Amino acid sequence: MIGILSIMMLIPLVGAFVVYAVGRSNEKLAKIFAIIVAAATLMLSLYMYISFQPENTSFQFLEEVEWVKAFGMKYIIGVDGISLPLIIIASFLTTISAASSWNISYKTGKYFSLLLMFEVGIIGVFSSLNLILFYFFWELVLIPMFFLISEWGGPRRTYAAIKFLIYTHVGAVTMLLGFMALYAAVTPHTFNILELANASFPMQFQLMVATAIFFGFAVKIPVVPLHTWLPDAHVEAPAPISLILAGLLLKMGGYGFIRVNYFILPEATKLLSPIFVALAIFSIFYGAIVAMIQQDLKRMIALTSINHMGFVLLGAAAGNAAGIAGAVFQMFNHGVVVGLLFLLSGIIHEHAGTRTINELKGLGVKMPITATLLTIGSFASFGLPFLNSFVSEFTVFIGAISAYSLASVAVIAPAITAAYFLWMLNRVVFSPSEPKPKISIHKENLAELLPLMILIVPIVLFGVYPSLMLNVIYPTASYVSALLGSV
Amino acid sequence: MFSVEYAIFPIVVISVFALATPLISYVTQRRFGGRIVAGGAVLGLILGLITFSMLASVVTSTTLIYGGLLVVDRFSIFFSIVFLLVAVFAALASYDYMHEDPNQGEYYTLLLLATLGMILTAFSANFLTLYVALELMSISTYILISFRKKDPRSNEAAIKYFIVSALASVIILYAISLMFGVVGSTNIYIVADAFRNGSYASQPMAFLSIVLFIAGVGLEMAIIPFHMWIPDAYDGAPTTVSALLAGGSKKAGFAAALRIFIVAAISLRANWSAVFTVLALGTMTLGNIVALAQTRVTRMLAYSSIAQAGYILIGLATVNSTGLTGYLMHILNHAIMTSTAFLAAAAAAYSASLYTIDDYAGLSKRLPVTSFALTITMFSLAGIPPFCGFTSKLVLFTSAVEANLGWLALAGVLNSAFSLGYYIRVVKRMYIDSPKAGGLPVSEPLSFKIVFVAAIFLILLLGMYPALSLNFADAAVSGLQI
């Protein structure tokens, strides 16, 4: 019997081939079809949200099929309170990304089929419960993303795509080495996360494996100093692809850290957590400070991701229920917010012909709706109360400070974030245009702003009523923290 | 009632086709050119492939036949399928690649004989049969490499291959004679028994014989420091022959190595397993580093195949059942991948006269099927799922971890990541760069397209459902000893 999770991967997989075939003759039909496919997957994920039982901390919607029995490989997928929000955001952002790619006209069929292929991979990563299956999907995300950046990206797209591919692949194979060590260390040999979670390993072994696996996740999150692929890839990718890069691809690292390091190697992760916290705080400040001095709007947004993903690692490394729940919620929220900001940077670039912040004066007059959206997005990004990021960052702080009082220095970071966002808004939105503007800004188009307006809904909804999502996350988060506490 | 002697039926079929080919060529050459001969050769190989595939489920035990000259087990069937798969690919692609050549009768005869030599290597239960089989393969391939007799590169390649291969034969023969002096038999299974029951581990002659075997088989497998001839040979030979060499004849060396070290000399493993550990590390590292500096596609593929031989050797270094299973799986997978890659290079050279990596700029617009096949192969060779190169490497590296050779697994994993650097360069050229002026779309020959579609299907099938090759390889390995 094929379950809902498999259907959620099967729909975009089949859709990808159909879109490619349709795109060869009718580009418009291919676009519409791709959006419908993505939206159908989104509907299924919302159905999963409704039928999910939050109090049940074991895996739900579980599916198991033997794959390669002799080698401990099994097709086993399921969700819990940690993966469900990420699956929802994955299908949501893919839909938004497809809808906002309406203007793509170069090799349309291929573009949308790669986008749907990416969706298969990302849903697979968030649901697989076998390390090799996890790795399969992990790399399945990589190849479509490589082509999406390298064929539809900006002027330095080749460099950015290859840098992205090599960085993340090196991280991935190091992680794979850790998986193989786990396989060899447990009897009977297996790659199943649930069975590995019940096994116990000697401390020294755990430390080595935890470090190797963390390296792979750290490249994806990304943790400074493994972050240098991020600004290039995000800036060169077209705006809808930057959206899924920052909104979804980075989350693979944060998710993997919680799923693998905490489930399988709790003792070592607990021992190493001061180092993770230090790395997280360093990333938070590094991202914030470097973002402040950027001239390019898109590059600035890309660097805020380093800052915000630092909060994810901070919360996860704190290891208590609040920290982990905050980290997962932060991943959810950051996806929505950064997606909005990237789409805005794409639209501004298209209408004004530049992304340089100092040249964009007077945007508020020429493009009032875009400017309003930019304001809301910026407010959400630096954590204004009643917008979603505030709740998650606040939860992360509660968790982090109650675990490590020194982590309270990170509270300064949102102030820096607020400072550069307000400075940017001051220059772009709130200042009048110069008497002789260097650039001409075209009028905005309501249809292309529609996907962005949809993104406002979760920003406000989860800011005002966060328990809609936190109720799902919290029981599993406290279950995971109990895994650590029992050590 | 099935008798195990029927297992040589496909060998007979291929021999008959090999010997009939010159006659067919003589009769049909004038009216049909090489079309009929090529068709006949492909037909013979496919018949062999089908019969061996049918035998795969029937043969369940290890049986010596013909007074212990040949052995029928799942191991020999496994390797025969590998060789025939590669030979079918090469022969099918040659249908278009060689069709202007006046001597096609000889070409297909030699191709079939070389394949026959490879298959007999896998079936050998006696050192002398092994030697004769390797010679049959080598002599046929000398001529195949120099087949473009007016091309100096082809001639240079053939001479290099000839000298190296003759040296390998001599060394192997010397090793056999020493082994005979020590044990008093050339039968692999009798030697194995003698080694198991006697104390030969510290005997100098047995030791020397092992050293010579490593050198002789090492030359066939092209592992360091015996790899020098590979790039010239693969680059100079007609590229369809390079596909056969990289996918087939090199793998015959690996088949021989397994019979020699795992069956005959398993009791002396303390003497040789550490050597293979070092050779595995050196071979993969050197292959990958030098491949990065290549400009011609075939030379890059040659170094890539050296690097992949290093990964395969991990199986021989760990000597556990996981490692040997991975050894066989990677031989099958690499045979498919590398022959496809060489045939893609052949297609580019044949259709558009493109030879260097820079020439491939914008190839995806000119030869879409070839580019797609080459892209899949490159990703698969780099070990990216869901392609088959990933699963066999996974098994190999896991075996290293199991055998407490974690550092070897680390080296393999890092090498694998490093290799993506030069594989991705080809993909970048084909898909991202725009073609040079005058790069118009050209037609791709049908025979190449058939090969590519079949290869892509196999790469995906063995990648997504590795149980197919894993279970077969596992059974083949477990039946190695009687």
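# Briefing: a predicted model with chains A and B

In chain B, 80% of the contacts with a separation of 6 or more join residues 24 or more positions apart. Two residues are in contact if their C-beta atoms, placed from the backbone, lie within 7 Å. This is a predicted model: local features need pLDDT of at least 70, side-chain atom pairs count only at pLDDT 80 or more, and totals for chains, interfaces and linings use all residues. Residues are numbered from 1 along each chain as its sequence is written, while chains are lettered from A and ligands numbered from 1 in the order in which they are written.

**Chain B as a whole**

- Chain B holds 19 helices and 2 strands. Helices (H or I, at least four residues) and strands (E, at least two) are DSSP runs, numbered from the N terminus.
- The C-alpha trace of chain B spans about 70 × 55 × 45 Å along its principal axes.
- Of the 482 residues of chain B, 63% count as buried. Buried means that 20 or more other C-beta atoms lie within 10 Å of the residue's own; exposed means 12 or fewer, and partly exposed is in between, with C-beta atoms placed from the backbone.

**Where chain B touches chain A**

- 26 residues of chain B are in contact with 24 residues of chain A.
- On the chain B side, the elements giving two or more residues are helix 16 (388-402), helix 17 (406-431) and helix 19 (467-478).
- Helix 17 of chain B gives the most, with 11 residues.
- By class, this side of chain B has 18 nonpolar, 5 polar and 3 charged residues. Ala, Val, Leu, Ile, Met, Phe, Trp, Tyr, Cys and Pro count as nonpolar, Asp, Glu, Lys and Arg as charged, and the others, Gly among them, as polar.

**A helix crossing in chain A**

- The axes of helix 8 (residues 203-220) and helix 11 (residues 266-292) of chain A come within 8 Å and cross at roughly 70°. Axes are lines fitted to C-alpha atoms, for helices over the stretch in contact, and angles run from 0 to 180 degrees between N-to-C directions.
- Helix 8 and helix 11 of chain A are therefore roughly perpendicular to each other (65 to 115 degrees).
- Helix 8 of chain A brings A:M203, A:Q206, A:L207 and A:A210 to the contact, and helix 11 of chain A brings A:E267, A:A268, A:T269 and A:L272.
- By class, this contact has 5 nonpolar, 2 polar and 1 charged residues.

- Most residues other than glycine have a negative phi, and most peptide bonds are trans.
- A cis peptide bond joins A:V224 and A:P225, with omega about 10°. A:P225 is in the loop between helix 8 and helix 9 (229-236) of chain A.
- Another cis peptide bond joins B:P385 and B:P386, with omega about 5°. B:P386 lies in the loop between helix 15 (368-381) and helix 16 of chain B.
- A:F386 is not a glycine, yet has a positive phi of about 75°. A:F386 sits in the loop between helix 15 (368-381) and helix 16 (388-403) of chain A. A:F386 is exposed, with 12 other C-beta atoms within 10 Å.
- B:Y66 has a positive phi near 55°. B:Y66 lies in the loop between strand 1 (63-65) and strand 2 (70-72) of chain B. B:Y66 counts as partly exposed, with 13 C-beta neighbours inside 10 Å.

Terms used:
Angles under 35 degrees count as roughly parallel, over 145 as roughly antiparallel, 65 to 115 as roughly perpendicular and the rest as oblique.
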